[in-house]
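Okay, thanks for coming, everyone.

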Amino acid sequence: MHITRSLRLAGAALLGLAASGLSLASSATDPREFNTFYAPSYRLPPASAMSPAAARGKELVHATYRFLGAESGVRAANGRPYVGNRLACSNCHMEDGTRPNAGPLVVVARKYAPPGIYSAREGVNRDLTIRINGCFERSLAGEALPADSAWMQDLAAYMEFLAAGLQPGYAWQQVPGQEFPKASLLTRAADPVRGAAIYKDQCESCHQRDGSGVWRSDEQRYRYPALWGAGSHGLMAGMGRLATAVTLVWGNMPHDKVDALRPWTRMPVEDAWDVTAYMLSKTRPFDSRFTVTDWAGNDPGGVPNLLRRAPDASYDHTMPRVDARGHPSINPADPPRFSREQHTYGPFQPINDALTEARHWLGYP
Ligand code: HEC
Ligand code: HEC
């Protein structure tokens, strides 16, 4: 908690220095308006504006397992809990989705407003409900919430509450610090052995040597989340893939040293790739339901989604393939062009290049 506090104060101080004289300077003194990092495009709405539904949604984001995990007794229609591991949304979308560069949820209600955003992985336009359920099924290794369930309505209400902070005259795209910071690709494979040493030095004190984290049974929430094993995020999640996971780690870890508002406090990007590779070298929940359906079908323009398959998705149907005559192919029956090892640890640029080549070879624009 004290870490959060000092971050907020640091943010306010930073703004005071950098932006004194801006018309917003007065709002920086309002203690409710932390994360002034977002100003002038976004300000957190006052807590008094939160409806009971939004307040329940915030609790759900904060301690998802407590309400929907194995011990809650709540079950999806197929008998499984909605949260299959023990994570909470807020273990990744930090400070209940208000922290910049930590997957903030502040404007997602606008970003995923109908018609939503096309996802080549899912093969559909994702609106907010579908996007949230993607994290339930994959990040939380669980089950999709019914769209009309009270839980989904409450989550949406919380995200609507947050989005009301978008300031007049600004588009959601102008809010800084969204998603996780882009980490430039390495030209070599990430090295889990080198990463193990970094883990011992920089991560083990909180996440534990065996990666199982520190669980608080009184709160039914991780104090330090599990990074692998049954309690952790699924292989089919963005976080199960190196090029996505590295952005969370590089932008935010170690939690007590990296200040999201001060990029120069981050570790060298190479170290982040290697330590994340170590994390992903361990076992985690795997959901075979998605191996065949991911990146299946064609996009609305008729282009096969397999041509956009993430190079770091190391599970089945890696792309591209090579046909019997040595030409690029996207037929899963042909042998893969790159090893599973390379799809796990990189380097990823050659895979991206080969996908582009395959696209041209197969005659797509
Ligand atoms: C293990 C970490 C993790 C957990 C837990 C998690 N997410 Fe996510 N979430 C991510 C990552 C990583 C992304 C970005 C996806 C990508 O880049 O592929 C994301 C993306 C999103 C987005 C879209 C954000 C944007 O700016 O486009 C929403 C909305 C979201 N998550 C909601 C949730 C909710 C609600 C929960 C809890 C039910 C949750 N997530 C749990 C890691 C997580
Ligand atoms: C001082 C304690 C601390 C240290 C050191 C630390 N973390 Fe974390 N980490 C946290 C906390 C706390 C969270 C969850 C944030 C929250 O719940 O608000 C977290 C979240 C994460 C997550 C997202 C949750 C998940 O399960 O996927 C990853 C990944 C992660 N840390 C990796 C690392 C790595 C890699 C290192 C070393 C480079 C590291 N952390 C060092 C405290 C720490």
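This is a predicted model: local features need pLDDT of at least 70, side-chain atom pairs count only at pLDDT 80 or more; totals for chains, interfaces and linings use all residues.

The chain splits into domain 1 (1-40), domain 2 (48-174), domain 3 (192-280) and domain 4 (291-361).

Let's go to the ligand. How many residues surround ligand 1? There are 26, and the closest are Cys-89, Cys-92, Cys-135, Ser-139 and Gly-238. If you sort that shell by class, you get 14 nonpolar, nine polar and three charged residues. Domain 2 and domain 3 each put in at least three residues. As for helices, α5 (108-111), α6 (128-139) and α10 (242-252) each supply at least two. Which helix gives the most to the shell? That's α6, with five residues.

Of its 11 residues, 10 are buried, so α10 is largely enclosed by the rest of the structure. The buried set includes Leu-242, Val-246, Leu-248 and Trp-250, and also Thr-247 and Asn-252. What do the buried residues of α10 pack against? Their partners are α4 (94-97), α11 (269-280) and α13 (340-345).

Next, a helix pair. α2 covers residues 52-62 and α7 covers 150-163, and the two pack at an angle of about 100°, their axes 7 Å apart. Anything from 65 to 115 degrees counts as roughly perpendicular, which means α2 is roughly perpendicular to α7. On the α2 side, the contact is made by Ala-53, Ala-54, Arg-56, Gly-57, Lys-58, Leu-60 and Val-61. From α7 you've got Trp-151, Gln-153, Asp-154, Leu-155, Ala-157, Tyr-158, Glu-160 and Phe-161. In terms of class, this contact has nine nonpolar, two polar and four charged residues.

Last stop, domain 2 and domain 4. Taken over C-alpha atoms, their centres are 30 Å apart. The domains do touch, though: four residues of domain 2 are in contact with eight of domain 4. On the domain 2 side, that's two nonpolar, one polar and one charged.

Terms used:
Residues are numbered from 1 along each chain as its sequence is written. Chains are lettered from A and ligands numbered from 1 in the order in which they are written. Axes are lines fitted to C-alpha atoms, for helices over the stretch in contact, and angles run from 0 to 180 degrees between N-to-C directions. Helices (H or I, at least four residues) and strands (E, at least two) are DSSP runs, numbered from the N terminus. Angles under 35 degrees count as roughly parallel, over 145 as roughly antiparallel, 65 to 115 as roughly perpendicular and the rest as oblique. Two residues are in contact if their C-beta atoms, placed from the backbone, lie within 7 Å. Ala, Val, Leu, Ile, Met, Phe, Trp, Tyr, Cys and Pro count as nonpolar, Asp, Glu, Lys and Arg as charged, and the others, Gly among them, as polar. A residue is near a molecule or strand if its C-beta atom, placed from the backbone, lies within 6 Å of it. Domain bounds come from an automatic or database domain assignment. A residue is buried if 20 or more other C-beta atoms lie within 10 Å of its own, exposed if 12 or fewer, and partly exposed in between; C-beta atoms are placed from the backbone.
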